[in-house]
Amino acid sequence: MTPRVPRALLAMGVIGLALAVGAEAAQAPDGAAVLRRVDENMGADNKITTSEMIIRGRRGSRTVTSKSWIQGRDKSFTEYLDPPREKGTKMLKLEDQLWTYTPASDRTILIAGHMLRQSVMGSDLSYEDMMEDQRLVALYDAVVVGDERIGDRPTWVLALSSRGGDIAYFTRRIWVDKERYVVLREERFAKSGKLLKSTEVLDVQRMKERWVPTRVIFRDALKGGEGTEFVVKAMEFNAAIPEHLFTKASLR
């Protein structure tokens, strides 16, 4: 005969379970609040960045070095410095428009429409990736769906869903460092649910008052392969940038 559990013990068990669930819910922050902290950490200061893209393909790898001048979120100018084949290629972003100039053709081209989905320099990044507004909280609704550890770092796992409009990735899943509010891992999906891109942060450094991902692997799921490694070599915050740099005349 199965022994009967006293009602007092049952009540205590129910209360304990309710308290545990309540404590777990209290610990999980609001998704929008986490996303705002991520956006704030990325910042919108004027900055000058020197970086490398290590592009790994079937025939080996190559490294492309560039320097970028960034003003807020709407203006950026990039010049490629190396290798010689790419040297002198320039890109100018003004709000939602992107122009490129290549010395070989001596032409300035507006990148628009389906061309935005093309690869940049044969990498796993598209022009669309480079054009994207980084204010995620303005583009997505966010829900905290769990917490996991990535290496020795505790993270919140967030599910992001598009608020509509013309957007490159309909949904995303991001792993946000609980202390530094840096996205350490990300998966980007099409409306169909198909995985399109993924990123993995290999190194994070403290620069001024921000935590900055300085080594990131980008992988295009449709291409396969080892991906493209993006490495920040130098970054100057609150830089004085001449306004004439953000004009089409600067491309030549």
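Leaving aside its neighbours within four places in sequence, which residues is Thr49 in contact with?

Modeller: A caution before the answer: this is a predicted model. Thr49 is in contact with Ser66, Lys67, Ser68, Val232, Ala234 and Met235, once its neighbours within four places in sequence are set aside. Thr49 itself sits in strand S1. Thr49 counts as buried because its relative accessibility is 8%, and the cut-off for buried is under 20%. One pairing spans much of the sequence. Thr49 and Lys233 are 184 residues apart along the chain, yet their C-alpha atoms are 7.6 Å apart in space.

Stay on the strand and move to Ile54. Ile54 is also found in strand S1. Its relative accessible area is 17%, so Ile54 is buried. Beyond four places in sequence, Ile54 touches Arg62, Thr63, Gly227, Thr228, Glu229 and Val231. Ile217 lies 163 residues from Ile54 along the chain, and their C-alpha atoms are separated by 9.3 Å.

Take the second largest pocket. It holds about 330 Å³ of space. Strand S1 and strand S2 (60-71) are the elements that give two or more residues to its lining. The lining has 15 residues, and those nearest the pocket centre are Arg56, Gly57, Arg58, Lys223 and Gly225. By class, two of the lining residues are nonpolar, seven are polar and six are charged.

Now the wider setting. The protein chain has four helices and 13 strands. Of its 252 residues, 41% are buried. Take the contacts with a separation of 6 or more: residues 24 or more positions apart account for 44% of them.

Next, helix H2. Helix H2 covers residues 31-42. Its 12 residues should span 16 Å at 1.5 Å a residue, and the end C-alpha atoms are 17 Å apart, so the two values agree. The buried residues of H2 are Gly31, Val34, Leu35, Val38, Asp39 and Asn41. Seen down the axis of H2, the buried residues fall within an arc of 160°, so they line one face of the helix. An α-helix has 3.6 residues a turn, so residues three or four places apart point the same way. What lies over that face? The cover of the buried H2 residues includes helix H4 (136-139) and strands S7 (140-150), S8 (153-162), S9 (171-177), S10 (183-189) and S12 (210-220).

Glu128 is found in helix H3, residues 127-131. With neighbours within four places left aside, Glu128 is in contact with Leu116, Arg117 and Ala168. Glu128 and Leu98 are 30 residues apart in sequence, and their C-alpha atoms are 9.6 Å apart in space.

Then the loops. Thr89 lies in the loop between strand S3 (75-82) and strand S4 (90-94). Thr89 is buried, because its relative accessible area is 8%. Not counting residues up to four places away in sequence, Thr89 touches Thr78, Glu79, Tyr80, Tyr101, Thr102, Pro103 and Met121. The loop between S3 and S4 also holds Pro83. The peptide bond from Asp82 to Pro83 is cis, with omega near 5°.

Last, two backbone points to check. Glu95 is not a glycine, yet its phi is positive, at about 55°. Glu95 is found in the loop between S4 and strand S5 (97-102). Glu95 counts as exposed because its relative accessibility is 55%, and the cut-off for exposed is over 50%. Asn238 also is a residue other than glycine with a positive phi, near 50°. Asn238 is found in the segment after strand S13 (228-237). At 59% relative accessibility, Asn238 counts as exposed.

Technical notes. Residues numbered from 1 in each chain as written. Predicted model: local features only at pLDDT ≥ 70, side-chain atom pairs only at ≥ 80, totals over all residues. Heavy atoms only, no water. 1 Å grid on protein atoms, 1.4 Å probe; cavity = no way out; pocket = protein on both sides within 12 Å on 5 of 7 lines; lining within 4 Å. Points joined across faces, edges and corners; volume = space filled by probe spheres on them. Nonpolar A, V, L, I, M, F, W, Y, C, P; charged D, E, K, R; others polar. Buried < 20%, exposed > 50% of the residue type's maximum accessible area, 1.4 Å probe, protein only. Contact = heavy atoms within 4.5 Å. Expected span 1.5 Å × (residues − 1). Arc of directions from axis to C-beta.
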